[in-house]
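This report describes a structure for a reader who works with coordinates. Please examine the sequence and the model shown below.

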Protein chains: 2
Amino acid sequence: MGLPRSCLLQGDITDSERLTGRGSSSARTLYDVAREAGVSTATVSRVMHGQEGVRPSTRRRVLEVIEALGYVPDSSAQSMARRRKEVVGLVAIESRGPQTEIEHEGLLFIEEVLRGVESSLSSLGWPVLISVRRAADDAGDYQWLQKISAKVDGLLIAEGIEPPEDLARLAARIPVVLVSGSPDERHADVVHADNRGGATAVVRHLIEQHGKSRLYYVGGPHEAPDARQRRGAVEEEIARHPGVRLTGSFEGRFATVSGQLAVREILAARQLSDRGDAVPDAVVCANDQMALGAMRELQAAGIRVPADIAVTGFDDIYLGALLAPPLTTVRQPMRRLGERACDLLLDRIADPALPHRVEQLPTELVVRESCGCHGPAAGPA
Amino acid sequence: MGLPRSCLLQGDITDSERLTGRGSSSARTLYDVAREAGVSTATVSRVMHGQEGVRPSTRRRVLEVIEALGYVPDSSAQSMARRRKEVVGLVAIESRGPQTEIEHEGLLFIEEVLRGVESSLSSLGWPVLISVRRAADDAGDYQWLQKISAKVDGLLIAEGIEPPEDLARLAARIPVVLVSGSPDERHADVVHADNRGGATAVVRHLIEQHGKSRLYYVGGPHEAPDARQRRGAVEEEIARHPGVRLTGSFEGRFATVSGQLAVREILAARQLSDRGDAVPDAVVCANDQMALGAMRELQAAGIRVPADIAVTGFDDIYLGALLAPPLTTVRQPMRRLGERACDLLLDRIADPALPHRVEQLPTELVVRESCGCHGPAAGPA
DNA sequence: CTGTTAGCGCCTTCAC
DNA sequence: GTGAAGGCGCTAACAG
């Protein structure tokens, strides 16, 4: 502690033992800096954090040593001492299913959410710890979540629902916010879009503006709350219109390939009974990726969209507007979902005692051409 | 320490003080478990890690307490003790520029890389710490990198090059791998695609298969090494063909809007001189996003692609095949890039003394229709 | 203004 | 088999 501090009082720092940052192989600690600068660790800590009450000359000296040694505080140690990690986690559990089309599974959604999270975090400068669990072996899920949860101050969970009791246990230990989760969830805060309103709007548009009467529904996995809401709303809206019926449906996994498979079922059914009313005049999909798959498969079979069959999606991913024909869909503010979820999470991290919150964001019908409208045309019904 | 261990020997765990996980408001520690189980922390630690040398009955008892208490080891403490964080970082620095079109900047690349990283990490179960720095104020960049670097065992840096000296300092403290970085970088390992080969191939295709002779180049930011390589190769290949020339070029930022801006320049120039040879017969873009922007702007101006002007991209993002016309491009294995980069990083984390490595991955010309070929047609030149 | 001194929660070597 | 004890690097009182 009482080392010859004089040895680097002014500018001759580079002379003392391997100071030039060369010896960087070994990580430097607060103690190294303190010793080298001839002060206590408390002072170095104060300087590092730009706190008041340090004589300017001392501060300068310490700063020089920090710079020379290339000192960077270890974040584990900091987290431990100040009991905060300054990291939030974003996790997604991909819906189970055959390992086809891993490529473009449901990630587009997560990625958009991630942007929102990032932007909400940018002021704080906290990074995001991200982990996607694919091909889940149910049992391991909770373990994995635990492990992640130990590395962050709070967790954002998207697209994937743990057994409620697991979620409860998790949320009891650490702040958790569900992105696009069920609004009925009582164990964690939730941010979700108005899925019912959106689904109702497309279906109504198809029926009332285009006179469609034989709808086929391509839904998402039944475990996904947003998929359940959409399906429910679609069925209800159809029921509300006499003469309109659901000719069939398919449970997909929000992947492009699901849309293709659904269409194959439709085509197969057409083969069997040649009564024209077996084939739908509109295919309503629970997300854009499946709509894309459906459209391609339809077109590949020589069926025109929307002339022969209309197709609609949900989400409004970037790609939708670029397709031929441009996709009619329901816009869900994915990015905003991420932002809000992250805001709620930060609030709760700051005060874990906060009352339970659920937030719904609006959706909006985006009419393009795949429904049968043409060009930059008519608005919603 | 010498607590009445008998109180929960068998199954009456739920009786001892608030064991049922209800009191979960306060985080449990190894000590809590040890005390409750009537053993030392060392034993609990052994059990947690499934180590040998623990009497089965003891193990069971400890396990029960762990379960009952909902104990999850704190990762900061673990990191500290075992001097490893089990997290790798992925960072990107978005190229500076006007804050237009933040939406779909260059992220598509990162996201694809992320998938590779994720998959390479999935066996270890390590998560990825991700942080994108936008609207960079140069000075803060290094600070920010330092902060991130303190939270991970190794860093993957994509699309964005720090001043070399900063990189050197960073890499001296912690393993760093550049994704799509300059193969000449000596301070960190690098994984990159064969940008020169790919760029050469498209240009040659345009010239030799389609007889194009007036090329316009829409490049990426000059700070990006991959952008530089592509530009260099394009120019060289043009020079190699007498009678073919570069009618102009534009320095974009890999964003959709850059492609649009570039085309506006082309159109503006056309207004001025009405000599037909002022306008290019092909627009070569340094990535698909810019090609997309260029194509849309061209089409919006009533110019047919590829009939009037051919357009090509680079990367082969998913979207490219879905455009009208489908985009001719150069496939770069982005996902694989992420995988390999991550593998190299893990190697280096395991052994920091490893020799410096640079790895090149192949690119491949993907001929579709925007170049003038039709349907699923002819291969490369 | 600056230094001393406890922890933070876990791992691990070394005794018993 | 199991326990005791010394770190890991930093922060935050609490004294001077």
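The model is predicted; local features need pLDDT of at least 70, side-chain atom pairs count only at pLDDT 80 or more, and totals for chains, interfaces and linings use all residues. Residues are numbered from 1 along each chain as its sequence is written, chains are lettered from A and ligands numbered from 1 in the order in which they are written, and side-chain values use heavy atoms, with hydrogens and water left out.

**Symmetry.** Chain B is superposed on chain A by a rotation of 180° with 0.0 Å of shift along the axis, at an RMSD of 0.1 Å. This is the relation of a two-fold axis. The superposition is by least squares on the C-alpha atoms of residues with pLDDT of at least 70 in both copies. The copies meet through the same surface, because 100% of the interface residues of chain B are also interface residues in chain A.

**Chain A.** Twelve helices and twelve strands are present in chain A; helices (H or I, at least four residues) and strands (E, at least two) are DSSP runs, numbered from the N terminus. Chain A has 381 residues, of which 55% count as buried, that is, under 20% relative accessible area with a 1.4 Å probe and protein chains only. Among contacts in chain A with a separation of 6 or more, 71% join residues 24 or more positions apart, a contact being heavy atoms within 4.5 Å.

| Charged residue | Ring | Distance to ring centre |
|---|---|---|
| A:Arg230 | A:Phe314 | 3.9 Å |
| B:Arg230 | B:Phe314 | 3.9 Å |

In chain A, the loop between strand S9 (310-312) and strand S10 (329-331) holds A:Pro325, and the peptide bond from A:Ala324 to A:Pro325 is cis, with omega near -5°. A:Asp315 is found in that loop as well. This residue is not a glycine, yet its phi is positive, at about 125°; A:Asp315 is buried, with a relative accessible area of 7%.

In chain B, B:Pro325 lies in the loop between strand S9 (310-312) and strand S10 (329-331), and the bond from B:Ala324 to B:Pro325 is cis, with omega near -5°. B:Asp316, in the loop between S9 and S10 of chain B, has a positive phi near 70° and counts as buried at 16% relative accessibility.

How values were computed:
Buried < 20%, exposed > 50% of the residue type's maximum accessible area, 1.4 Å probe, protein only. Lys NZ or Arg CZ within 6 Å of the ring centre and 35° of its normal.
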